[in-house]
Amino acid sequence: MNIHEYQGKELFRRYGIAVPNGKAAANPAEAERAATEIGGRVVVKAQIHAGGRGKGTIKGATDVRGVKVVASPAEAKKHAEALLGKTLVTHQTGAEGRVVKRVLVEAASDIAREMYLALTLDRERSRITFIASQDGGMDIEEVASKTPERLFRLGVDPATGFSPFYGRRIAAALGLEGDLAKQGQALFAKLFALYNETDASLVEINPLVVTKDGKLLALDAKMNFDDNATFRHNDIAELRDIGEEDPKECEARDAGLSYVALDGTIGCLVNGAGLAMATMDIIKHAGGEPANFLDVGGGATAEQVTKAFKIILADPKVRAVMVNIFGGIAKCDVIATGVVAAAREVGLKLPLIVRLEGTNVELGKKVLADSGLKITPADDMMDAAKKAVHAARA
């Protein structure tokens with residue numbers, strides 16, 4: 001689950017992490033009032049779930065950027081008018097962009113230095129890890145790709161948790177000395193507490209700045225959370241913005257399915273998250289591109305399979321569907337019945353490749369064979385992947 005920058009900054013404030021004075025606005029009049037209350041120069045920032053807003057442009061108005069410093073409330077209102085209700089395109093949104101429904105109006109800062117700081121889970125090392133760089137700002141992706149040695153990584157030992165030792169190392173990596181180092185060490189400890197206590201999967205500040213009067217300030221706030229833990233945090237769950245999420249993903253979540261849209265042409269319907277990951281891998285290995293991750297779960301019903309088919313086919317990029325089922329709790333004949341019912345109900349015209357294995361596999365294959373539908377059976381995963389890739393290309 002992702003949240004907006006202005007929501008992330010509210011969480012930062014709760015933990016004592018310094019951020020600029022600012023307010024979210026849903027219309028130009030609110031933006032003007034916020035700028036008046038804040039006073040002086042302000043920054044008007046588009047609020048969408050995507051990075052690269054500073055370089056992003058409004059569709060049809062390439063001179064309008066997603067982030068702009070303005071000198072007066074009237075200018076704040078004018079730029080809010082140019083953003084709200086319009087589609088902002090950044091390198092992360094793709095060509096389709098995202099509609100801006102809110103802007104953040106906040107006090108402009110006198111910046112002496114820009115840095116990068118993030119906290120996430122390093123799954124290979126099983127440690128919560130700080131990532132820091134003295135090269136913060138809009139070009140951090142370029143730093144990561146061209147000069148990765150400029151990124152400092154430090155995993156926190158789960159046996160000890162965060163300690164002043166870690167704070168001193170991160171401060172040194174960022175080139176912070178004296179009072180700034182002390183400010184940094186306090187900020188890093190608060191960030192670590194925020195990450196753990198909210199079940200976050202990512203906390204990112206880009207840029208973390210040193211102001212000309214010698215203060216550390218989080219100029220941005222990006223936070224992602226573990227969906228499986230939001231039941232523990234009702235206040236955070238309420239921050240979810242459904243309008244920023246893929247409608248198919250929302251529909252799948254409501255149906256008890258795990259679905260993530262991707263950019264490929266082969267729709268995947270699989271039972272089990274590990275098998276779903278392996279299915280996407282083998283499609284790539286066979287030269288194709290998966291259109292989605294979709295796990296119907298170990299106890300999938302025929303109704304859930306039908307819903308899964310509808311969600312997959314709602315993606316216009318899909319050119320073939322690959323069903324990969326290992327029957328355990330969910331028996332192959334039950335899944336096969338769901339596949340047949342779904343194909344009939346949606347009037348499936350795309351190639352359908354099905355690989356079944358496990359409990360009641362022979363019954364499942366008989367259900368498919370007796371359906372009268374044009375279903376291509378597969379002997380194993382690689383056979384299914386090759387057939388799906390060939391069908392999608394044809």
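Which residues are buried in helix α8 (residues 247-254)?

1. Helix α8. The buried residues here are Lys-248, Cys-250 and Ala-252; buried denotes a relative accessible area under 20%, exposed over 50% and partly exposed in between, with a 1.4 Å probe and protein chains only. Helices (H or I, at least four residues) and strands (E, at least two) are DSSP runs, numbered from the N terminus. Among the elements covering the buried residues of α8 are β15 (258-261) and α10 (302-313), where contact means heavy atoms within 4.5 Å. Gly-256, with a positive phi near 80°, follows α8.

2. Basis of the model. This is a predicted model, in which local features need pLDDT of at least 70 and side-chain atom pairs count only at pLDDT 80 or more, while totals for chains, interfaces and linings use all residues. Residues are numbered from 1 along each chain as its sequence is written, and side-chain values use heavy atoms, with hydrogens and water left out.

3. Aromatic pairs. Rings of Phe, Tyr and Trp (its six-membered ring) pair if their centres lie within 6.5 Å; planes under 30 degrees apart count as stacked, over 60 as edge-to-face and the rest as tilted.

4. Phe-130 and Phe-188. These two rings form an edge-to-face pair, 6.4 Å centre to centre with 65° between the planes. Phe-188 lies in helix α6 (residues 178-197) and Phe-130 in β10, so the pair ties together parts 58 residues apart in sequence. Both residues are buried, and Phe-130 has a relative accessible area of 0%. Ring pairs join Phe-130, Phe-162, Phe-165, Tyr-166, Phe-188 and Phe-192 into a cluster.

5. The four-stranded sheet. An open sheet with antiparallel pairing has the strand order β1-β8-β2-β5; two strands pair if DSSP finds at least two bridges between them. The edge strands β1 (22-25) and β5 (67-70) each have a single partner, so one side of each lacks a neighbour in the sheet. From one strand to the next, the twist averages 20°. Five bridges connect β2 (residues 42-46) with β8 (residues 103-107) in the antiparallel sense, and Lys-45 stands opposite Leu-104 in β8.

How values were computed
Axes are lines fitted to C-alpha atoms, for helices over the stretch in contact, and angles run from 0 to 180 degrees between N-to-C directions.
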